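The entries follow the order in which I looked things up.

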Amino acid sequence: MEKVCFIKLINGEDIVGLIDNYETDSDEHAIVSPLRLMYTTIKSYQVMQLGTWMPFNKERTDPFFIQKKHVLYIQEADDDLILHYMEALEEYRQDLIEEGYTATDYSEYDLEDLEDELQLNVLRYSANTSIH
């Protein structure tokens, strides 16, 4: 199953994307729907934004192959980053539809189910009460 992962490239770029299995013996990683993580400072607060990594690629379901020698490290994303990533993908999908591109299935994730699950996890870990 694909997992949302944070990828740090040796050129300094930070990418968030879906990776099926990053612990394979292959010489490359297949990354689906990659978005570039950008950092901005506003009034001494650091803000993170997700933007297209390959802006001229219309079809976001095809994997991008990155050689492992170009990857510094990969880790599974935390719940907050996963939610931010899925919301950004949905916004990009809507933008493409409005521009006349056909809607496609961007991943195996069901956005509504994932968002519900993540919100439940946030509540579970941030509240002192039980969720029933």
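I began with strand β2, residues 14-19: six of its six residues are buried, so the strand is largely enclosed by the rest of the structure. I note that the model is a predicted one. For this entry I took buried to mean under 20% relative accessible area.

I next looked up the two faces of β2 separately. Asp14, Val16 and Leu18 lie on one side, Ile15, Gly17 and Ile19 on the other, and all are buried, which leaves both faces covered.

I then turned to the pairing with strand β1, residues 3-9. β1 and β2 run antiparallel and are joined by six bridges. For Phe6, I found Val16 as the bridge partner in β2. Four residues separate the strands in this hairpin, and Gly12 has a positive phi near 100 degrees there.

I followed β2 to strand β3, residues 28-42. Five bridges link β2 and β3, again in the antiparallel sense. Here I recorded Leu18 opposite Val32 of β3.

**From β3 to β5**

I continued from β3 to β5, where I found four bridges in an antiparallel pairing. His29 stands opposite Ile66 of β5.

Last, I examined which side chains of strand β5, residues 64-67, are buried.

Note on methods. Residues numbered from 1 in each chain as written. Predicted model: local features only at pLDDT ≥ 70, side-chain atom pairs only at ≥ 80, totals over all residues. Heavy atoms only, no water. Buried < 20%, exposed > 50% of the residue type's maximum accessible area, 1.4 Å probe, protein only. Pairing = 2+ DSSP bridges.
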